[in-house]
Amino acid sequence: MPDPMKIRANLVGDSTEVKVLMSHEMDTGLAKDSSGKVIPAWFIQKVTVLHNDQQVLYAQWGTAVSKNPFMSFKFKGGAKGDKVTITWVDNHNETRTDSAVVG
Amino acid sequence: MIPRISGTRLAGIAVLLAGAAAILYGCAGTPAEDKSASVEAQTIAMMKESFKAHGQAGLDRLDQDDTQRLCSKYSTTPPPAAVAKKIEGENLAKVRYPADGKLMGDWKKGEKIAQLGRGMQFSDDPAKPAGANCYACHQLAPKELSYGTMGPSLYQFGKKRGYTEENRRYVWAKVYDAEAFSACTNMPRFGERHILTDEQIRDVVALLMDPESPVNR
Amino acid sequence: MDRHRRQALKSGGGLSLVALLAAAGWIDPAAAAPAEAWNKAAFQTHDMDSTLKALGDGTPVPSPNVVFFSTPDIAENGAVVPVGITSKVPNTESIAILVEKNPNMLAALFEIPNGTEPSIATRVKMRETSNVYALVKAGGNYYVTSKEIKVTLGGCGG
Amino acid sequence: MPRKLRSIPGAAVALALAVITVTLPIVPVPAAAQESVEKAIEQYRQDLQGGNPAELWEARGEEIWNTPRGPKHASFKSCDLGLGPGIVKGAYAQLPRYFPDAGRVLDLESRLVWCMVSQQGFTHAEATKVTFGKGSRKRSDLEALTAYVVAQSDGTKMNVSLADPHVRDMYEIGEKMFFYRAGTHDFACATCHGSDGKRIRLQDLPNLTKKADAQRAYTSWPAYRVSQGEVRTFQWRLHDCLRQQRFPDLIYGSDASIALTTYLAARANGAAYAGPGMKR
């Protein structure tokens, strides 16, 4: 079971700023372990962000996104108490969904 | 003179070593000197218990030679002139020049040695040559922007000083044992402590003294 | 599954139907999320030409309306290089980050629906000093800007 | 002086990229580069703020803290970090301290190990099996717990008391150790951390013999190391410094590690703790 994300969603003016940290190795498939074996690629490929039930961002990632990824962006509107829900899916088809309340 | 540290299994050893230190340093010392010697003995005893041998780094790495022992007292202030003279004299006597008299190697290899930070750590393969990591502390070739400032810039060293045999001998000796010229310097004694081979020192001398080296261009 | 639900509830406070169902294990959240593709071809290219082709073909024009923010000139470590991109081009549909000298050029692609500000920040890996491109798609056209980011060797080196 | 580009899709782009690259700084001469490099590195550090992955460790640490574990099925709620059982807030700012129940001066990490052994029933070997983690495949509970505990001292003034003679002794030994030159390279801690305004490569070296530098340095550890993608603790910081000093392997939670920590922590007294930090 992947670890929870850390999501912050805050009103800034008339927009909602979303900042998220994800727990993931983001292995490139190019590095080797101490015994010289290639560590296979293992990385988040898709990220979906919903504001309540409305999609506000869709991201496709490759292996070049840093380990324990960070992302931030803003969408217009949003009110205190609204929900921001983020789902990621990696190349092993592992997935994680977490939510935060807009503050 | 009785160590105040308690509650550890080191106390016994510390007492013994503190006693030994008291004898070494002479019992006529001032109370402050006695206290310092006692703490030093406790420190050494505690360190011996707190490290484990790992790879090429055995516990004997904690044993100090004369230079290290004296310089541990002068980390932030320069040593008094008499102490400095003693350290420099002892180290100058240890400088060994290559038997064939050849002081200059290949600056390209020297540049690699100057870049390499590995070597002599417990995590390093002892079969692989150690680096000198000159760039950690010195500016050398101008294209390397990631250089430290612990030591002076060596950019254009040979060009400024002159490509003379005398200067080549100085650079060899300085890399071999820096303590011979500047007591309690932060620079390692690459030859005297067997960090670099003679061939590697030649390459580093070339990096600084070859007119074709990027350091001098 | 209990642990997942507890954590989801704790971090969420309130949850969308999708997330709640997912937490309960009733549906696969990946499947519940709008079915979106991952452009495999685009993530396997090594140069600008083929990356553009894989993204849908287009010839980018340089634009002062595509700007980097919070993006350094020198990275102390190539494993984590912060990159922020804002597009002032009207009707921006997507923003992509491309690192010229990485094994694969495309690092990330962000699709921006109406109502979302065309401005994103993330962190990417860079194998070596390289040009980094911000590529924006708007109204079917591509706009680009670039900057060089130097990657340095840090620390004691050991 | 446009840089040559590896791949140019068509004339328009070629022109476009040439226009862009011509505005890029050409590699400056070294003397002038100095200041701009330092500025750029400072910029990099600022650009990284605002999302510290250490928060992921804090969340995991909090869960471990509250979960009963070990043969005795006890949580850390009975673990006394010096302010009373289970009290975490502000505790890190007063460590190391002397713990009569252990009969030793302990830093945070050795205290966590003590609680795992004495209260949760783990063996010492089990408790210290993974001290420094490596990715999600080899995780260290100690790093997660440490991240959680130190974060609860964010903003608290460092206040390590030397009133207890045990702590005072450790401080004095730590100070001696700081200046102790040994090993193949003649290095002491003070070799790199005893003078002002120096760098190793591009990293600024705090002068730990000066109050302000010592405060800034100590209060920013533990930290998320971006080069490793891991939260690293103060025990790790000392262990890895001493490795690079060419010393042998510093034993986790050993007396010497605690003595050195006591010296450095007490020298940070008066400064607000600000970790976990984020570093190269």
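How many disulfides are there over all chains? The count comes to 2 disulfides over all chains, in a model that is predicted.

## The disulfide of chain B

A disulfide is a covalent bond between the sulfur atoms of two cysteines. In chain B, such a link is formed by Cys71(B) and Cys184(B), whose sulfur atoms lie 2.1 Å apart. Because the torsion about the S-S bond of Cys71(B) and Cys184(B) is about -85°, this disulfide is left-handed. Cys71(B) belongs to helix 3 (residues 66-71) of chain B, while Cys184(B) sits in the loop between helix 7 (165-176) and helix 8 (198-209) of chain B, so the pair ties together parts that are 113 residues apart in sequence. Cys71(B) and Cys184(B) are both buried.

## The disulfide of chain D

In chain D, Cys79(D) and Cys115(D) form a disulfide, with 2.0 Å between their sulfur atoms. The angle about the S-S bond is 75°, and the link of Cys79(D) and Cys115(D) is right-handed. This pair links distant parts of the chain, 36 residues apart, with Cys79(D) in the loop between helix 3 (54-66) and strand 1 (97-99) of chain D and Cys115(D) in helix 4 (residues 108-118) of chain D. Both Cys79(D) and Cys115(D) are buried.

Cys189(D), by contrast, is in no disulfide, and the nearest cysteine sulfur, that of Cys241(D), is 7.0 Å away. Because buried means under 20% relative accessible area, Cys189(D) counts as buried at 12% relative accessibility, and Cys192(D) is also buried, with a relative accessible area of 19%.

## Where chain B meets chain D

The size of an interface is often given as the accessible area lost when the parts come together. Between chain B and chain D the buried area is about 4,900 Å², and carbon and sulfur atoms give 57% of that area. The contact takes in 60 residues from chain B and 50 residues from chain D.

Between chain B and chain D there are 5 salt bridges, and one of the salt bridges joins Asp186(D) to Arg193(B), with the closest N and O atoms 3.8 Å apart. The polar contacts between chain B and chain D come to 29 residue pairs, both residues being at pLDDT 80 or more. On the side of chain B that touches chain D, helix 2 (31-50), strand 1 (51-52), helix 3 and helix 5 (107-115) of chain B each supply at least two residues. Helix 2 of chain B gives the most to this side, with 11 residues. Sorted by class, the side of chain B that touches chain D has 23 nonpolar, 26 polar and 11 charged residues.

Note on methods. Residues numbered from 1 in each chain as written. Chains lettered and ligands numbered in written order. Predicted model: local features only at pLDDT ≥ 70, side-chain atom pairs only at ≥ 80, totals over all residues. Heavy atoms only, no water. Disulfide = S-S within 2.5 Å. Helix = DSSP H or I, 4+ residues; strand = E, 2+ residues; numbered from the N terminus. Buried < 20%, exposed > 50% of the residue type's maximum accessible area, 1.4 Å probe, protein only. Contact = heavy atoms within 4.5 Å. Buried area = accessible area lost by both parts, 1.4 Å probe. Salt bridge = Lys/Arg side-chain N within 4 Å of Asp/Glu carboxyl O. Polar contact = N/O pair within 3.5 Å; in protein donor to acceptor, adjacent residues only side chain to side chain. Nonpolar A, V, L, I, M, F, W, Y, C, P; charged D, E, K, R; others polar.
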